[in-house]
Amino acid sequence: MKRFLILCAALAALLVGALPASTPAWAALQVDVNQGNVQPLPIAIPDFIPGGPNDAQSGVNIAGVVRADLERSGLFRPLDQHGFTEHVTNINAVPGFPNWRAINAQGLVTGQVTQQPDGRLRVDFRLWDVYGESQMLGLQFFTTPENWRRIAHMVSDAIYERITGEKGYFDTRIVFISENGPAIKRVKRLAIMDEDGANPIFLTRGDYMVLTPRFNPTAQMIAYMSYIGAKPRIYLFDIETGKQEMLGNFPNMTFSPRFSPDGNQVALTLETAGNSDIYLMDLRTRAIRRLTTDPAIDTAPSFSPDGRQIAFESDRGSSKQIYVMNVDGSGQRRISFGAGENGTPVWSPRGDLLAFTKQQGSHFTIGVMHPDGSGERMITNGYHDEGPTWAPNGRVLMFTREAPGGRGAQIWSVDVTGRNERRVLTPGDASDPAWSPLIQ
Amino acid sequence: MSSSQSPTRNKVAAQAALRRQRPTTARGPRFGVVGSVLFHGLIFAAALFTFHRNFETPEDSHVVPVDLVTIANQTNVTAQAPPTPPTPEKMDIPPSPPTPPPEPEMQDVEPAPIPPVPKFDVAKEKPPPEDTKPVPPKKQQQDDFNALLNKLTTPDKPVKTAKAGPRVIQGVGAGNMMTADIADALRGQIYRCWSPPTGAPDARDLIVDYDLSLNPDGTVSRLQMTPGTAAAATGSAYTRAAAEAASRAIYECQPYRLPQDRYSLWREINPLRFDPRQMMEP
């Protein structure tokens, strides 16, 4: 009997002991989310608070430019101010986040503009995470009042970078070819404007044709091709001084210039005896070195951001295709094998992609591919899109778009994902855009 | 004679005494059956609890309540019709507004040098990170801005969510098979709020893991990046942007509609992984 009871007790103990083990160990649920819904971020940007009686208009202007910048990027959706339930009156007070959540704002920008006693403008702003209920960024700028647009672009750049993790590109400029007049007598002038199309200025008179302008890395120098004296040659234009000079005095035509990432060299195409090849010119010594020797047309060089490689187009394989070589001309290899002809490769400032123009019949579109030729995809769907140029963050491109029938060229921009295609407003027709680096 | 009892009698008496000590034939079987039943019952119960999973066949446990079917339908719709088309989505070019925006007027300055880019005094000051000492400001302007930051008046932070629910242990024996539909349901609800920053050159920078605790009403009780993961350790701006986008999605889409009777299964989600690589493939 006693032994039986001991046995029962042991079994009971085993049972009790087994209970926790028999309950499944607390296994938390695991969930993988790998599909999302890419949408612009709803962001509230009320007019900046005037710090003094004369600052109200500045506050409206700056907030307006910031809203326009962010909206244009396609990654933000600035909310209509009329729907705001909270009136921001103090930049130093933490906002009432539930009020902003109520209108579905995920980000909030509060700012203030104050004219200083010395005449300068002081701009403060804060970026708030409405759901996280925390400040993400707080910056302050000083400038002369006439530079308010640049301050606004810098605010936009800061917000863009903080939210997306990528550098902004709003405080940049675009150099382009402005076209006016009838088709048989087009006047093409070199022009420059802010990234948003503001402050357009002509840089050349229009007496001679200009083509393919390119910025140097400091955005202070432009290389371009011009037909001065009926011979196409490459010229350098100093934006600060307005001086221009011919780049080398070659007996034949030179074209398609592109600065190296350090700004010390220019790759260009030089035509000799009917054969176009790519050369490298050292801007300090003006020494020139030949990189390609193929009897086919080699042109449109573009440096990789590390300066070690050059992409270019060549028709050596019977059709125009994209090739890559080392900066000394060695290791030339074809990378584009897609349909049609592919040309004008432009290396992304980030280095991960090459943008190019694909021609299929009379149809021209812009595409991107990896530097090894993989992952080719087209990102525009116009009838005649060509000549891509990258934003300094490698995220957005501009290009020239012509409608069928030659009804004038326009500049358009598109996100590298192929989304957010939109026209860049220019005075009159415009082509050949080149995007500057971020202004220093 | 009393002292000299016969051996036979002694033997009979001893046997009688022995009989008295043993159970009677009437009591013996009754106790044995009860004991046996109890004994075997205990063994069976011990075995049942100890080897519980072995006994539970999928058919036995796969009770499909009505709400489960509903959820399955919802999630199937999502899974079968992903919102992102395989080809890059084009935004429609907006039609020209009735009054087209005026084209900017060009200043007709003939070969005019552009004025030198003006210098800016830019004072950058971020709010001090929680775990690091703020860098002492170097400029007067930064002093000013620190003062500005310090002037922040913090109202009482509203309580965003309700208290965490009690740790009820139920749903004993539920395996992954029982949670697949819940994972699907949660995924199907979060995805519509998740707009990851897809611009990074390396998509692996954008993978983030969160530990999420939910209240019984489906609201967020606690959220933190899973400690020890690469995303939590890296300071990359891309990763931070990805983590914040995921966090916004989690908060924006709450409360989550999940089967109440199986709260114990979705009370803790760890990890809740956000991986946008499929979305970034060309």
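Student: What should I know before I start?

Tutor: This is a predicted model, so local features need pLDDT of at least 70 and side-chain atom pairs count only at pLDDT 80 or more, while totals for chains, interfaces and linings use all residues. Residues are numbered from 1 along each chain as its sequence is written, and chains are lettered from A and ligands numbered from 1 in the order in which they are written.

Student: How many helices and strands does chain A have?

Tutor: Elements are DSSP runs, numbered from the N terminus: helices are H or I with at least four residues, strands are E with at least two. Chain A has four helices and 31 strands.

Student: What is the radius of gyration of chain A?

Tutor: The radius is taken over C-alpha atoms, and the globule rule is 2.2 Å times the number of residues to the power 0.38. For 440 residues, a compact globule would come near 22 Å, but chain A has 29 Å. The C-alpha trace of chain A spans about 120 × 70 × 45 Å along its principal axes.

Student: Into which domains is chain A divided?

Tutor: Domain bounds come from an automatic or database domain assignment. Here domain 1 covers 41-164 and domain 2 covers 173-435. Their centres, taken over C-alpha atoms, are 36 Å apart. Two residues are in contact if their C-beta atoms, placed from the backbone, lie within 7 Å. Five residues from domain 1 of chain A and six from domain 2 of chain A make the contact. On the domain 1 side, helix 2 (residues 56-73) of chain A gives the most, with three residues.

Student: Which strands form the open sheet of four, and in what order?

Tutor: Strands of a sheet pair through backbone hydrogen bonds, either parallel or antiparallel. Pairing here requires at least two DSSP bridges between two strands. In chain A the order is 19-20-21-22, with antiparallel pairing. Strand 19 (298-303) and strand 22 (333-334) of chain A are at the edges; each has a single partner strand, so one side of each lacks a neighbour in the sheet. A:Ser314 has A:Gln321 as its bridge partner.

Student: Is B:Ala246 buried or exposed?

Tutor: Count the other C-beta atoms, placed from the backbone, within 10 Å of its own: 20 or more is buried, 12 or fewer is exposed, and in between is partly exposed. B:Ala246 is buried, because 30 other C-beta atoms lie within 10 Å. It is found in helix 9 (residues 237-253) of chain B. Leaving out residues up to four places away in sequence, B:Ala246 touches B:Trp194, B:Val208, B:Tyr210 and B:Phe274.

Student: Which residues touch the most other members of the largest nonpolar core?

Tutor: A nonpolar core is a set of buried Ala, Val, Leu, Ile, Met, Phe, Trp, Tyr and Cys residues joined through C-beta atoms within 7 Å. The largest has 76 residues, and those touching the most other members include A:Ile43, A:Ile62 and B:Ala246. Another core, of 69 residues, lies apart from it, with A:Val210 and A:Met281 among them.
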